[in-house]
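Colleague: Before I look at the side chains, could you take me through how the aromatic and nonpolar features should be read?

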Amino acid sequence: MSETLLCPRNLAFELYEVLDAEALTRRARFADHSRETFDAALGTARQIAQKYFAPHNRTSDEHEPLYQNGEAVLIPEVKPAVDAFIEAGFHNAQRSFEDGGMQLPNLLSRACFAHFQSANIATSSYPMLTMGAAHLIETFGSDDQKQRFLQPMIEGRYFGTMALTEPHAGSSLSDIRTRAEPAGDGSYRLKGNKIFISGGDHPLSENIVHMVLAKLPDAPPGVKGISLFIVPKFLIDDDGSLGPRNDVLLAGLFHKMGWRGTTSTALNFGDNGNCVGYLVGEPHKGLAYMFQMMNEARIGVGMGAIMLGYAGYLYSLNYARERPQGRLPDGKDPASAQVPIIEHTDVKRMLLMQKAYVEGAFDLGLYSARLVDDQHTATNDEERRNAGELLDLLTPIVKSWPSEFCLKANELAIQILGGHGYTREYPVEQYYRDNRLNPIHEGTHGIQSLDLLGRKLMQNNGAGLQQLLGLIQDCCQRAAAHEALAPLRQPLEQHIARLTRVTQALLGDLMAGKINQALANSALYLKVFGHAVIGWRWLEQALRAEHGLTDGNPADADFYRGKLQAARYFLTWEVPGCQPELTLLEARDDTCLNMQEGWF
């Protein structure tokens with residue numbers, strides 16, 4: 001499986017040539033780190049991923065969790081992998097030294113975690129959810145809640161989940177029915193049902209801490225009436241020991257197309273009238289709190305989609321190099337040796353598409369991780385605010401663009417393997433099935449597109465959008481100094497100019513109250529906006545590759561030329577291919593909006 005883990009050279013390129021990870025060591029929080037300590041953490045992550053996570057990736061797919069006697073049962077290989085992850089410190093990679101953490105930048109933590117996502121997306125989900133839930137309690141919980149629940153989560157003894165979705169409401173959180181009644185002792189009694197709760201039950205930890213959205217009796221209607229509660233699987237006694245089982249019932253497991261090793265559960269809260277929960281923060285502000293975990297999870301889902309696409313790309317690349325088949329079109333001698341399929345132009349096309357999708361998305365995912373570091377550790381308030389505004393704008397893209405286009409990369413990997421590609425004897429079909437969850441996971445494309453066009457663009461008077469446009473303009477100006485990059489730069493400039501006009505017109509419609517019309521084709525807008533962002537990130541990579549060819553190690557020349565060719569593909573094939581979508585957006589095409597139910 002090592003051929004499907006991260007390419008070390010590309011990771012070093014991103015961290016040290018594109019995103020300048022070493023500059024973070026000049027900040028007080030990361031002053032004890034260096035490139036050497038960063039590389040040591042990355043090397044350890046790779047070793048653990050190879051030794052503990054990758055070997056049971058197929059096994060966990062073939063032997064999904066079972067529902068037995070009211071509990072979820074996993075294959076035995078999962079717990080040693082998660083334990084190794086925790087023991088190596090990755091569970092608390094970003095936490096301070098004094099709290100037992102590694103005090104790594106978020107950028108390095110994400111890069112380390114990418115190895116585990118590439119090796120085994122399902123097993124890596126359990127600690128990812130726990131880290132998000134722990135951060136939620138750390139930010140908004142009371143001192144008592146931190147002592148009772150956060151500390152054991154930091155130690156890896158308790159795991160966590162997020163419980164939002166309900167059977168009747170799906171993604172419409174304003175319609176949740178789970179209720180929380182005050183018990184008179186400061187706790188609450190919850191009653192309701194939640195579905196699709198990843199990691200909702202398992203034997204990997206002493207306890208599971210569910211972060212549950214519910215409504216109080218006096219809750220106003222809609223999302224403004226949602227509160228957040230801690231609901232543990234087992235209650236905690238005053239001395240910190242585990243008490244009796246809480247009234248949280250595992251009602252069943254969902255059987256998924258892919259990502260099978262992570263339990264997806266239906267949970268019943270309060271069937272016996274005694275589900276104890278604890279209010280986090282203030283009443284009716286639960287959704288605002290939960291957005292912290294949701295946004296972290298959305299970036300995590302995006303990175304998961306990237307790593308599944310990356311794994312498929314690397315496997316199909318290795319296969320194409322080793323698989324002889326056929327001859328080139330001008331090869332007329334049937335007695336001549338067959339050529340490796342990587343020499344066929346159409347296979348090169350499919351590999352180049354994959355490279356453009358996964359390495360472009362990988363750059364964006366790590367860039368967003370770098371923004372988190374800037375948001376919390378930049379040298380002044382303005383830089384921290386700017387980083388937060390830009391991250392908010394980009395989060396729907398980080399989640400959705402890889403979920404669509406890295407899935408396409410998985411489809412291309414299957415195609416390159418031909419008949420072998422859709423058999424279970426080869427891993428690329430599993431990568432595709434695993435990745436197919438991500439366009440739905442943590443908010444569908446439709447939800448992300450509405451968030452982007454209907455909310456994020458106008459947030460803080462468009463501050464994030466203006467930042468993004470300024471960054472792209474600056475990149476294009478720097479690229480203008482390189483004549484060789486003109487064919488890459490010009491399509492991006494043309495795309496941005498037209499996209500800006502479309503954006504201004506759609507925002508004008510929204511401000512004029514034409515909400516349904518303006519948002520009708522938001523999914524198209526999400527795609528063209530995402531292509532603009534990935535095009536920018538590819539132009540940045542191309543600039544670094546140009547510098548590398550001039551000033552870098554001559555042994556890396558092929559690596560840099562590969563970067564330039566992938567940038568050329570994306571900026572001259574993919575970006576101009578967005579013109580039909582822009583035309584439809586300009587015209588406010590109402591084909592889908594005006595379709596009637598009875599016409600189907």
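**Reading the rings**

Modeller: Met595, Trp599 and Phe600 make a nonpolar surface patch of about 430 Å². Such patches take residues with over 30% relative accessible area and no salt bridge, joining nonpolar side chains (Val, Leu, Ile, Met, Phe, Trp, Tyr) within 5 Å. This is a predicted model, in which local features need pLDDT of at least 70 and side-chain atom pairs count only at pLDDT 80 or more, while totals for chains, interfaces and linings use all residues. Residues are numbered from 1 along each chain as its sequence is written, and side-chain values use heavy atoms, with hydrogens and water left out.

Colleague: Is tryptophan 599 buried or exposed?

Modeller: Buried means under 20% relative accessible area, exposed over 50%, and partly exposed in between (1.4 Å probe, protein chains only). Tryptophan 599 has a relative accessible area of 61%, so this residue is exposed.

Colleague: How many aromatic pairs does the structure hold?

Modeller: Rings of Phe, Tyr and Trp (its six-membered ring) pair if their centres lie within 6.5 Å; planes under 30 degrees apart count as stacked, over 60 as edge-to-face and the rest as tilted. The structure holds 24 aromatic pairs, and one of them, between tryptophan 401 and phenylalanine 405, is stacked at 4.6 Å centre to centre with 25° between the planes. Both tryptophan 401 and phenylalanine 405 are buried.

Colleague: Which rings does the charged end of arginine 537 sit over?

Modeller: A charge sits over a ring if NZ of Lys or CZ of Arg is within 6 Å of the ring centre and within 35 degrees of the ring normal. The charged end of arginine 537 sits over the ring of tyrosine 367, 4.3 Å from its centre, and over the ring of tryptophan 536, 4.6 Å from its centre.

How values were computed:
Patch = residues over 30% accessible without salt bridge, like charges linked within 9 Å, V, L, I, M, F, W, Y side chains within 5 Å. Areas by Shrake-Rupley, 256 points an atom, 1.4 Å probe, with all protein chains shown as cover. Salt bridge = Lys/Arg side-chain N within 4 Å of Asp/Glu carboxyl O.
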